[in-house]
Amino acid sequence: MSDQDFVADPQLQIVVTQAAAKCVEFVKLKFGKTLDYSDNSVNEIESVLAVLHQSIPAEKPSQEDIQDYATLFGSYLGETYRKNHGGEWGIGSGTVALGIGSGYLAFPWARAFKRLTHGEEDGVDAW
């Protein structure tokens, strides 16, 4: 997606950094997996999101709870990309986005939300 309306937001970077750190803690505590912001760690995130997706029918979380998880996992995904390939957080197309250069935007929070709600067809491992 084009970044014509993208505005970098240093405050958002702080929020995302904190959320990504919470994601690392959550995954370690609940799943016993260690995340290290490597590209390969995205496979671990995919496996955790798969488990969470499968638990949605039984657990019946609210949309707000699902969005909270999407924020945590999306922040980790975006931070992993940013640390390894560059980019900056901001607002684009009216929502949280990661400007990844060459005029492109990624939407890690939305991607994590889709993975949680839609399933493996919106997997994050190839992202």
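## Close-up views of a predicted model

**View 1. Strands E2 and E3 pair in the antiparallel sense, and five bridges join them.** In this predicted model, the residue that stands opposite Glu 88 is Gly 99 in E3. Gly 92 has its bridge partner in E3 as well, namely Thr 95. The two strands form a hairpin with two residues between them, and Ser 93 in the turn has a positive phi of about 55°.

**View 2. Strands E3 and E4 form a hairpin with two residues between them.** Strand E3, which covers residues 95–101, pairs with E4 in the antiparallel sense over three bridges. Gly 101 stands opposite Tyr 104 in E4, while Gly 99 stands opposite Leu 105 in E4. Ser 102 is found in the loop between E3 and E4, and the phi of Ser 102 is near 55°, a positive value in a residue other than glycine.

**View 3. Four strands make an open sheet in the order E1-E2-E3-E4, with antiparallel pairing.** Its edge strands are E1, residues 7–8, and E4, residues 104–106, each of which pairs on one side only. Helix H3, which runs over residues 63–85, packs on the sheet and touches strand E2 (88–92) and strand E3, and the direction of H3 makes about 125° with that of E2. Val 7 stands opposite Ile 91 in E2.

**View 4. Helices H1 and H2 pack at an angle of about 65°, with their axes 12 Å apart.** H1 spans residues 10–31 and H2 spans residues 41–59. Angles of 65 to 115 degrees count as roughly perpendicular, and H1 and H2 are therefore roughly perpendicular to each other. The crossing in which H1 passes H2 is left-handed. On the H1 side of the contact are Cys 23, Val 27 and Phe 31, which meet Ile 45, Val 48, Val 51 and Leu 52 in H2. The residues of this contact of H1 with H2 divide into seven nonpolar, no polar and no charged.

**View 5. Tyr 37 lies in the loop between H1 and H2.** Phi of Tyr 37 is near 65°, which is a positive value in a residue other than glycine.

**View 6. Helices H2 and H4 pack at an angle of about 45°, with their axes 7 Å apart.** H4 covers residues 108–118, and the angle makes H2 oblique to H4. From H2, the residues Glu 46, Leu 49, Ala 50, Leu 52, His 53 and Ile 56 meet Arg 115, Leu 116, Thr 117 and His 118 in H4. The residues of the contact of H2 with H4 divide into five nonpolar, three polar and two charged. Leu 52 is one of the H2 residues that meet H4, and Leu 52 is also among the H2 residues that meet H1.

**View 7. The whole chain is shown here for orientation, and its secondary structure comes to four helices and four strands.** Read along the sequence, these elements follow the pattern β-α-α-α-β-β-β-α. The radius of gyration of the chain is 14 Å, close to the 14 Å that the globule rule gives for 127 residues, so the chain is as compact as a globular protein of that length. Along its principal axes, the C-alpha trace spans about 40 × 25 × 25 Å.

How values were computed: Residues are numbered from 1 along each chain as its sequence is written. This is a predicted model: local features need pLDDT of at least 70, side-chain atom pairs count only at pLDDT 80 or more; totals for chains, interfaces and linings use all residues. Side-chain values use heavy atoms; hydrogens and water are left out. Two strands pair if DSSP finds at least two bridges between them. Contact means heavy atoms within 4.5 Å. Axes are lines fitted to C-alpha atoms, for helices over the stretch in contact, and angles run from 0 to 180 degrees between N-to-C directions. Angles under 35 degrees count as roughly parallel, over 145 as roughly antiparallel, 65 to 115 as roughly perpendicular and the rest as oblique. A crossing is left-handed if the near helix is turned anticlockwise from the far one by less than a right angle, and right-handed if clockwise. Ala, Val, Leu, Ile, Met, Phe, Trp, Tyr, Cys and Pro count as nonpolar, Asp, Glu, Lys and Arg as charged, and the others, Gly among them, as polar. The radius of gyration is taken over C-alpha atoms; the globule rule is 2.2 Å times the number of residues to the power 0.38.
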